[in-house]
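Here are my notes on the model, point by point. Have it open beside you as you read.

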Amino acid sequence: MPKTFLILGAINAFLCIALGAFGAHGLKQTLSESMLSVYQTGIQYHFYHAFGILIIGLLLLHFPKSRLIPISGWLMMAGIILFSFSLYALSLTGMRGLGMITPFGGVSFLSAWALLVYAIWKEK
């Protein structure tokens with residue numbers, strides 16, 4: 001399981017760099033200031049949680065029997081999909097309805113970090 005999260009974290013970090021460069025160079029002329037800001041917020045949280053997933057992988061090397069730490073990693077992954085990708089889609093399409101998905105991603109992020117705290121606190 002550690003390997004899965006280390007790979008997922010690295011893939012997501014790669015995506016952050018690629019999507020960030022695309023936004024900085026390819027979208028700067030296309031998107032309005034406000035939509036570019038929305039896109040950059042998606043990149044920012046995506047990057048934080050790519051590193052969070054890498055941390056999950058490293059923690060699983062230290063706590064291999066934990067059942068809660070992997071759940072935290074999957075919640076971070078869900079948060080990336082629901083939060084960051086909804087912001088990418090919102091900024092690129094302008095469809096405001098996509099913004100209704102974003103808070104579910106935020107709740108996933110918050111739940112992931114809270115569960116991680118609990119999981120580490122609970123471990124012996």
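1. A word on burial before anything else: buried means under 20% relative accessible area, exposed means over 50%, and partly exposed is in between, using a 1.4 Å probe and protein chains only. By that rule serine 66 counts as buried because its relative accessibility is 7%.

2. Some housekeeping. This is a predicted model, so local features need pLDDT of at least 70 and side-chain atom pairs count only at pLDDT 80 or more, while totals for chains, interfaces and linings use all residues. Residues are numbered from 1 along each chain as its sequence is written, and side-chain values use heavy atoms, with hydrogens and water left out.

3. Back to serine 66, which sits in the loop between α2 and α3 (helices are DSSP runs of H or I, at least four residues, numbered from the N terminus). Its side chain reaches the backbone nitrogen of leucine 68 at 3.3 Å. That is a polar contact (a pair of N or O atoms within 3.5 Å; within protein, one must be able to donate a hydrogen and the other to accept it, and residues adjacent in sequence count only if both atoms are side-chain atoms). Leaving aside residues up to four places away in sequence, serine 66 touches Leu60, Ala119 and Glu123, where contact means heavy atoms within 4.5 Å.

4. Next, α3 itself. The helix covers residues 68-93, 26 residues in total, and spans 36 Å from first C-alpha to last, close to the expected 38 Å (1.5 Å times one less than the number of residues). Just after α3, glycine 94 has a positive phi of about 75°.

5. Now the rings: how many aromatic pairs does a search of the whole structure find? There are 9, counting rings of Phe, Tyr and Trp (its six-membered ring) with centres within 6.5 Å; planes under 30 degrees apart are stacked, over 60 edge-to-face, and the rest tilted. Tyrosine 45 and phenylalanine 109 are a stacked pair, 6.4 Å centre to centre with 15° between the planes. Tyrosine 45 is in α2 and phenylalanine 109 in α4 (residues 102-122), so this pair ties together parts 64 residues apart in sequence. Phenylalanine 109 is buried at 5%, whereas tyrosine 45 is partly exposed at 33%.

6. Finally, leucine 58, found in α2 (residues 33-62). Leucine 58 counts as exposed because its relative accessibility is 52%. Its C-alpha is 7.4 Å from that of leucine 6, 52 residues away along the chain.

Definitions and conventions. Helix = DSSP H or I, 4+ residues; strand = E, 2+ residues; numbered from the N terminus.
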